[in-house]
Amino acid sequence: MWSRLLEQGLYFSFGRIPSLRSLHIGDDEQGYDLDLFCIPKHYADDLEKVYIPHGLIMDRTERLAREIMKGMGGHHIVALCVLKGGYKFFADLLDYIKALNRNSDKSIPMTVDFIRLKSYCNDQSTGDIKVIGGDDLSTLTGKVWFIDIIDTGKTMKTLLSLLKQYNPKMVKVASLLVKRTPRSVGYRPDFVGFEVPDKFVVGYALDYNEYFRDLNHICVISETGKQKYKA
Amino acid sequence: LISHIGYNKNLFCIPKHYEEDLERVFIPHGLILDRTERLARDIMQDMGSHHIVALCVLKGGYKFFADLLDHIKALNQNGDKSVPITVDFIRIKSYCNDSPTEKISIVGEELCTLNGKGNLFLSLFQDIIETGRTMKALLSKLKDNEPKMVKVVSLLVKRTHRNPGYRPDYIGFEIPDKFVVGYALDYNEYFRDLNHICILKEKAKEKYKI
């Protein structure tokens with residue numbers, strides 16, 4: 001019930017203020033035919049459709065970079081990348097932020113760090129989470145960023161409560177994708193690229209058992225692909 | 001090969017917060033990308049029929065890794081044949097201020113997970129090879145995974161007497177023995193957010209010293 005209210009709330013606000021919070025992809029969106037784009041030959045049978053083309057991801061990310069710079073108010077940022085699925089979004093988002101930094105009157109120093117969370121097996125979220133890596137987190141005196149995909153939100157909630165112990169000045173979460181799913185715990189990141197239906201997507205560093213990270217569009221996997229790369 | 005001392009920084013776009021800290025632009029970002037595009041082609045020609053595990057050495061390797069992989073993906077989606085690549089990340093800490101430290105710590109990845117990949121062809125993406133010690137330590141650690149083949153790709157190699165002769169398989173640029181920052185290479189965590197490879201001013205070294 002909570003998630004249905006959330007959905008209704010989201011649709012309502014999109015009705016009033018179109019596309020300000022995220023690029024909304026509807027439930028009936030089929031995606032694009034594979035033949036309209038360039039796909040690595042080794043995945044030709046493993047994908048159903050191109051769901052979000054790479055160029056569209058980049059354009060949306062460019063705008064997120066601008067929103068983020070406005071929202072961080074001139075403080076030193078620690079950009080925290082959630083590996084492995086976050087690495088492309090992280091790299092591209094940071095590139096756009098760097099471009100803003102060197103082309104405007106003011107700029108903000110950024111340091112980077114990388115952590116790992118493991119919570120998926122095949123295409124199901126297992127719900128239990130391990131955090132690996134990263135610098136000594138007690139050095140987080142500035143504001144902190146996460147960059148990741150949000151599925152049920154459970155992962156992000158766990159991570160946020162873990163980080164709270166280190167007293168960062170401010171924490172903002174930027175997520176490339178947010179899924180509309182009944183399994184959602186209601187968590188909403190501060191910056192969202194795309195809001196998508198509950199389909200399992202791969203590509204742009206998002207994997208299916210480690211495959212498909214080397215695909216630059218976000219795609220829907222085919223049954224053939226699911227069987228072929230099963231754990 | 002680069003043997004001159006770089007470009008005037010006023011000829012390029014630099015983040016305002018680093019303007020006072022940099023002496024010269026040493027390798028402009030576009031040049032890095034063009035060279036990387038060619039490295040991608042060379043790698044694919046040699047490795048082009050095996051499943052590759054691309055191992056990124058964090059943190060300094062992350063930009064080179066991302067950009068090189070993008071070029072490889074472009075080849076994959078536009079060529080007659082393509083090669084699946086899975087990715088993984090490890091962390092090495094080996095610098096304090098501008099000198100390589102004695103101790104090298106390899107952190108965090110469950111490298112044993114690389115074993116499940118059947119034929120293991122590792123490509124190590126390293127940002128810079130200076131003494132070669134880090135790479136030697138890493139390579140001997142990776143031997144436990146029994147990879148079929150390991151190739152090391154390094155963006156930069158320094159000409160220095162401190163190197164006992166280690167040479168990676170693929171090299172972006174060979175440079176003189178100057179301390180460089182930018183394109184994810186840091187000085188005590190600073191300058192990773194700079195897209196050109198640059199030379200630091202001496203007073204900047206003091207400013208950001210630990």
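Predicted model: local features only at pLDDT ≥ 70, side-chain atom pairs only at ≥ 80, totals over all residues.

Trainee: Why are α3(A) and α2(B) called roughly perpendicular?

Mentor: Two packed helices are described by the angle between their axes and the distance between the axes. For α3(A) and helix α2 (residues 62-78) of chain B, the angle is about 110° and the axes are 11 Å apart. Angles of 65 to 115 degrees count as roughly perpendicular, and therefore α3(A) and α2(B) are given that description.

Trainee: What makes K59(B) and D113(A) a salt bridge?

Mentor: Side chains of opposite charge can pair when their charged atoms come close. The cut-off is 4 Å from a side-chain nitrogen of Lys or Arg to a carboxyl oxygen of Asp or Glu. For K59(B) and D113(A) the N to O distance is 3.6 Å, so the pair meets the definition. The rule finds three salt bridges across the interface of chain A and chain B.

Trainee: Which elements of chain A give two or more residues to the side that touches chain B?

Mentor: They are α3 (87-103), β4 (110-121) and β5 (124-132) of chain A. The most comes from α3(A), with 10 residues. By class, the side of chain A that touches chain B has 16 nonpolar, nine polar and 15 charged residues.

Trainee: How many residues are in contact between chain A and chain B, and how much area do the chains bury?

Mentor: In contact are 40 residues of chain A and 41 residues of chain B. The two chains bury about 3400 Å² between them, with 56% of it on carbon and sulfur atoms. Y87(A), K98(A) and R102(A) supply 18% of the area that chain A buries against chain B, more than any other three residues.

Trainee: Why is the pair K228(A) and D46(A) said to tie together parts that are apart in sequence?

Mentor: Their side chains meet in a salt bridge at 3.0 Å, N to O. K228(A) lies in helix α5 (residues 223-228) of chain A and D46(A) in the loop between β1 (23-24) and β2 (47-52), so the parts joined are 182 residues apart in sequence. Over all chains, the structure holds 23 salt bridges.

Notes:
Residues numbered from 1 in each chain as written. Chains lettered and ligands numbered in written order. Heavy atoms only, no water. Contact = heavy atoms within 4.5 Å. Buried area = accessible area lost by both parts, 1.4 Å probe. Helix = DSSP H or I, 4+ residues; strand = E, 2+ residues; numbered from the N terminus. Nonpolar A, V, L, I, M, F, W, Y, C, P; charged D, E, K, R; others polar. Axes fitted to C-alpha atoms, helices over the stretch in contact; angles between N-to-C directions. Parallel < 35°, antiparallel > 145°, perpendicular 65-115°, else oblique.
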